[in-house]
Amino acid sequence: MSFRAQEIYKKVARRVGGEGKLPAELMKSVKDMLPDSKVVMGRAKRGIFAGRHIQFGNKVSEDGGNKSRRSWKPNVQEKRLFSYIHDRHIRVKVTTHALRCIDKAGGIDEYLLKTPYNKMDTEMGIVWKAKIEKMYSELAEKEVGFFPPEEEAKIKQGFDEVRAAKRDFRREARRALAKQRQLEASSAGDDQTTESTDIHEEVSSAAAKV
């Protein structure tokens, strides 16, 4: 195992929850399948690049055939991918090639589960793959209970009644608020009418005195 693979293994074990808290078979598979390459693009550590990294070559002029060094960077996009196992969106930087691979696999969870560790090449992809495998292993140990159709119908009816009660409560609250606003508007109109009447009487009395 190369030095980079050892460092990635330590980071994976620390981020996922420690080596002692995970199944021994899972950590052994992680250790055996870590990428053995010593050099990787620095930006690729913070995303899922699916093997696409920076490439170097020569730029050849058309006239004299002069060569000058240049590089080709991968097309990286920042996307929000929905994870069903986490029940939320994951904001991650991916290459367009990785997006095609994710679409072909059927989602980010399926892509991470189907892709071997030694083809990840990035620490972020390895960490997410280990997290998803850990969550799937925990779900496999849980017991699943099923209700008979009659109980399911009663539960559904209860949820429908709760939604109907909330809808009626919101309707009554809107009606009460509208009535209160109408009363406030009418009381403000009465006050304005009284003030105008008082002003008119004062003007009339002043004119009579003159």
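The following is a short exchange about selected features of a predicted model.

Modeller: In this predicted model, local features need pLDDT of at least 70 and side-chain atom pairs count only at pLDDT 80 or more, while totals for chains, interfaces and linings use all residues. Residues are numbered from 1 along each chain as its sequence is written, and side-chain values use heavy atoms, with hydrogens and water left out.

Biologist: Why is Lys129 called buried?

Modeller: Buried means under 20% relative accessible area, exposed over 50%, and partly exposed in between (1.4 Å probe, protein chains only). Lys129 has 2% relative accessibility, so Lys129 counts as buried.

Biologist: Where is Lys129 found, and what is Lys129 in contact with?

Modeller: Lys129 is found in helix α5. Helices (H or I, at least four residues) and strands (E, at least two) are DSSP runs, numbered from the N terminus. Contact means heavy atoms within 4.5 Å. Leaving aside neighbours within four places in sequence, Lys129 is in contact with residues including Leu112, Pro116, Tyr117 and Met120.

Biologist: What makes Lys129 and Glu133 a salt bridge?

Modeller: A salt bridge needs a side-chain nitrogen of Lys or Arg within 4 Å of a carboxyl oxygen of Asp or Glu. Lys129 and Glu133 meet at 3.4 Å, N to O. They are four residues apart in helix α5, so about one helical turn separates them.

Biologist: How many salt bridges does the structure hold?

Modeller: The structure holds four. Among them is Arg163 with Asp160, at 2.3 Å, N to O. Both lie in helix α6 (residues 149–209), three residues apart. Another is Arg175 with Glu172, with the closest N and O atoms 3.6 Å apart.

Biologist: Why is the pair of Phe82 and Tyr84 called edge-to-face?

Modeller: Rings of Phe, Tyr and Trp (its six-membered ring) pair if their centres lie within 6.5 Å. Planes under 30 degrees apart count as stacked, over 60 as edge-to-face and the rest as tilted. The Phe82 and Tyr84 centres are 5.0 Å apart and the planes are at 85°, so the pair is edge-to-face. The structure holds one aromatic pair. Phe82 is partly exposed at 32% relative accessible area, and Tyr84 is exposed at 63%.

Biologist: How do you know that Lys131 lies over the face of Trp128?

Modeller: A charge sits over a ring if NZ of Lys or CZ of Arg is within 6 Å of the ring centre and within 35 degrees of the ring normal. Lys131 lies over the Trp128 face at 4.9 Å from the ring centre.

Biologist: Which residues touch the most other members of the largest nonpolar core?

Modeller: A nonpolar core is a set of buried Ala, Val, Leu, Ile, Met, Phe, Trp, Tyr and Cys residues joined through side-chain atoms within 4.5 Å. This core has 23 residues, and those touching the most other members include Ile48, Leu81 and Val94. Its largest share, six residues, comes from α5.
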